[in-house]
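Have the viewer ready and follow along.

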Amino acid sequence: SLSLSDAVRLVHLRGQYMQEAVPEGVGGMAAVIGLEGSVVEAICDGLSTACAHVTAANLNCPGQVVISGHAGAVARASERAKEMGARKAVTLPVSAPFHSALMEPARVRLEEAMDGVSFADARFPVVSNVSGTPLTDAGSIRQGLLEQMTSPVRWEDSVRYILGRGVDTLVELGPKNTLTAFMRRIDRNAKALAAEDPQGIRQVVAAL
């Protein structure tokens, strides 16, 4: 949908804008372990205010949800989650409250940076983590990239959509194997492979 040069430039700017959106120490994120996503979402909805925002930011797999927002609100939601039966809530060593309403300034700046960038219809469908469904037309992809800044990452929904279309092997590219580990909780029957370096890529190619 994007040229390589435009994609690299926008990725760079996206990271910069997200880093600059919230002063250090104002926001935070925490991983809630042992509660279903709907319960965590209800906890966040019940505690969140305009001045103390907290939301479910990453619905990764059954029993693993990351929350994001103002640091104090994240701490309160973490305690409420443990009261509701979560095994634990772990504060994450991140520099900003990603995928929350606090990223709105970054979203606005990214939209401005996208002005003049040419988006084309996708050559193959890309599953949006915002909706867990595929995007193909240029306008939807552009809008999806903006919404993804402030919306939850619905990773479990995205993977289940892919598996529901007959895919039985998934490959994770990048450092570590976090997403591959999530697959054990999403669907143990699916084959998940991780490649974080050239040797890993060669091993994945051989396995395929």
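**From a loop into the sheet**

Arg 87 counts as exposed, because its relative accessibility is 60% (exposed means over 50% relative accessible area, buried under 20% and partly exposed in between, with a 1.4 Å probe and protein chains only). Before going on, please note that this is a predicted model, in which local features need pLDDT of at least 70 and side-chain atom pairs count only at pLDDT 80 or more, while totals for chains, interfaces and linings use all residues. Residues are numbered from 1 along each chain as its sequence is written, and side-chain values use heavy atoms, with hydrogens and water left out.

Arg 87 sits in the loop between helix H3 (71-83) and strand E4 (88-91); helices (H or I, at least four residues) and strands (E, at least two) are DSSP runs numbered from the N terminus. Leaving out residues up to four places away in sequence, Arg 87 touches Ile 33 and Gly 34, where contact means heavy atoms within 4.5 Å.

Strand E1 (residues 27-33) and E4 run antiparallel and share four bridges; two strands pair if DSSP finds at least two bridges between them. The open sheet has four strands in the order E2-E3-E1-E4, with antiparallel pairing. Strand E2 (54-61) and E4 are its edges, each pairing on one side only. From one strand to the next, the twist averages 25°. Helix H2 (residues 37-47) packs on this sheet, touching E1, E2 and strand E3 (64-70), and its direction makes about 170° with that of E2. Such angles run from 0 to 180 degrees between N-to-C directions, with axes fitted to C-alpha atoms, for helices over the stretch in contact.

Now for a charged residue in a helix. Asp 6 lies in helix H1 (residues 4-20). Asp 6 is buried yet has no salt bridge, and the nearest side chain of opposite charge, Arg 9, is 4.4 Å away. A salt bridge needs a side-chain nitrogen of Lys or Arg within 4 Å of a carboxyl oxygen of Asp or Glu. Beyond its neighbours within four places in sequence, Asp 6 is in contact with Val 117 and Ser 118.

How many disulfides does a search of the whole structure find? It finds zero, a disulfide being a pair of cysteine sulfur atoms within 2.5 Å. For Cys 44, the nearest cysteine sulfur is that of Cys 61, 16 Å away. Cys 44 is buried, with a relative accessible area of 2%, whereas Cys 51 is exposed at 71%. The sulfur of Cys 51 is too far for a bond because the closest cysteine sulfur, in Cys 44, is 17 Å away.

Notes. Lys and Arg count as positive and Asp and Glu as negative; His and the chain ends are not counted.
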